[in-house]
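Subject: Structure for you to look at

Hello,

Here is the structure I said I would pass on. Please open it beside the text below, which goes through what was found in it.

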Amino acid sequence: MNLRVKKFLKIVGYPLCFLIFTALLAHCSFKRYANKSYEQAQLDKPFDVIIVPGVPYEPKDVSSVMKMRVLWAKYLYDSGYTHNIIFSGSSVYSPFIESVAMKVIADSLGIPSDHTFAESKAEHSTENVYYSWKMAQVMGFKKIALATDPFQSIMLRSFIKKYCPDVKSVPIVFDKISLSDNPLPAIDTTDCYVKDFVSIVERESFWKRLAGTRGGRVVKEVKQEKANQASPQ
């Protein structure tokens, strides 16, 4: 091996190999977590409702992330893991209310419309869980689970433990669904389109969005609720 090849491997090759190795380890870890959670869900089912976080919706180019979340929700409903589904998400990065679009898609796939619901206030993943959890409680649902991809499930674990107690997790097991064999139907976007839409990127700074992702808005609301409860009537 000549000097130039060694130098190239040192600068590019070894770091790249490390990144690939790390990615493979993460993939295996996520897969084990999803399978273990799914096995536990088999014992806990049926849930009264599952929470499905939204992602930006574009009619002409539905993302694979939205597709797999909707298909996973359908799988859990069809397989008797849940009686109801709450899709969560506002119009955040596109002029379409994510939760409403996902509900319409799910209804079009054959899930009874009276068993699907849309929570349209949340703009961050922490809010997806918290606002949907609050909505589920108001609706009388007791057994609640989060149904999303393994990465997001893991990222939200500590938040859920602190702010949404007793919410379980049923992350996507990818070999249970097929993205290529199940195209999503085109839908009428009338009910989910926001005419005077302004992207969150234009409304909030990067740091404010980051704070929201970490649960900043939820923390403020929880503190305010506690303060209201403690104040004399």
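**Salt bridges**

E221 has a relative accessible area of 23%, so it counts as partly exposed. Please keep in mind that this is a predicted model.

The partner of E221 is K121, and the closest N and O atoms of this salt bridge are 3.5 Å apart. K121 sits in the loop between β3 (116-119) and α4 (125-138), while E221 belongs to helix α9 (residues 216-230), so the pair ties together parts that are 100 residues apart in sequence. K121 is partly exposed, with a relative accessible area of 44%.

E123 and R203 form another salt bridge through their side chains, at 2.9 Å from N to O. E123 is in the loop between β3 and α4, and R203 is in helix α7 (residues 200-203), so this pair ties together parts that are 80 residues apart in sequence. E123 is buried at a relative accessible area of 16%, whereas R203 is partly exposed at 38% relative accessibility. Salt bridges with shared partners join E123, E127, R203, E204 and R217 into one network.

K74 and D78 also meet in a salt bridge, at 2.9 Å from N to O between the side chains. These two residues are four apart in helix α2, which means that about one helical turn separates K74 from D78. In the whole structure, the search finds nine salt bridges.

**The chain as a whole**

The protein chain has nine helices and five strands. Read from the N terminus, the order of elements is α-β-α-β-α-β-α-β-α-α-β-α-α-α. Of the 233 residues in the protein chain, 42% are buried. Taking contacts between residues at least 6 apart in sequence, 77% join residues at least 24 apart. The chain exposes about 13,500 Å², and carbon and sulfur atoms supply 58% of that area.

**Nonpolar cores**

The largest nonpolar core has 36 residues, and I50, V52, W72 and I85 are those with the most contacts inside it. Elements that each supply at least two residues of this core are α1 (3-44), β1 (49-53), α2 (64-78), β2 (85-88) and α3 (98-108). Helix α2 gives the most, with eight residues.

Which residues does I50 contact, leaving aside its neighbours within four places in sequence? They are A73, L76, T82, N84, I85, I86, A145 and A147. There is also a second, separate core of 21 residues, which includes I86, F117, L156 and V167.

**Aromatic pairs**

Ten aromatic pairs turn up in a search of the whole structure. One of them is the stacked pair of Y38 and Y81, with 5.3 Å centre to centre and 25° between the planes. Y38 lies in helix α1 and Y81 in the loop between α2 and β2, so the pair ties together parts that are 43 residues apart in sequence. Y38 and Y81 are both buried. Ring pairs also link Y38 and Y81 with W72 and Y75 in a cluster. W72 is the residue already named among those with the most contacts inside the largest core.

V92 is in the loop between β2 and α3. Is V92 buried or exposed? Its relative accessibility is 2%, so V92 counts as buried. Not counting residues up to four places away in sequence, V92 touches E98, A122, E123, F197, S199, I200 and R203. That list includes E123 and R203, whose side chains form the 2.9 Å salt bridge described above. The C-alpha atoms of V92 and V201 are separated by 8.5 Å, although the two residues are 109 apart along the chain.

**A surface patch**

F206, W207 and L210 form a nonpolar patch on the surface, and together they have about 360 Å² of accessible area. F206 lies in helix α8 (residues 206-213). With a relative accessible area of 46%, F206 is partly exposed.

Regards

Terms used:
Residues numbered from 1 in each chain as written. Predicted model: local features only at pLDDT ≥ 70, side-chain atom pairs only at ≥ 80, totals over all residues. Heavy atoms only, no water. Patch = residues over 30% accessible without salt bridge, like charges linked within 9 Å, V, L, I, M, F, W, Y side chains within 5 Å. Areas by Shrake-Rupley, 256 points an atom, 1.4 Å probe, with all protein chains shown as cover. Salt bridge = Lys/Arg side-chain N within 4 Å of Asp/Glu carboxyl O. Buried < 20%, exposed > 50% of the residue type's maximum accessible area, 1.4 Å probe, protein only. Core = buried A, V, L, I, M, F, W, Y, C linked by side-chain atoms within 4.5 Å. Contact = heavy atoms within 4.5 Å. Phe/Tyr/Trp six-rings, centres within 6.5 Å; stacked < 30°, edge-to-face > 60°.
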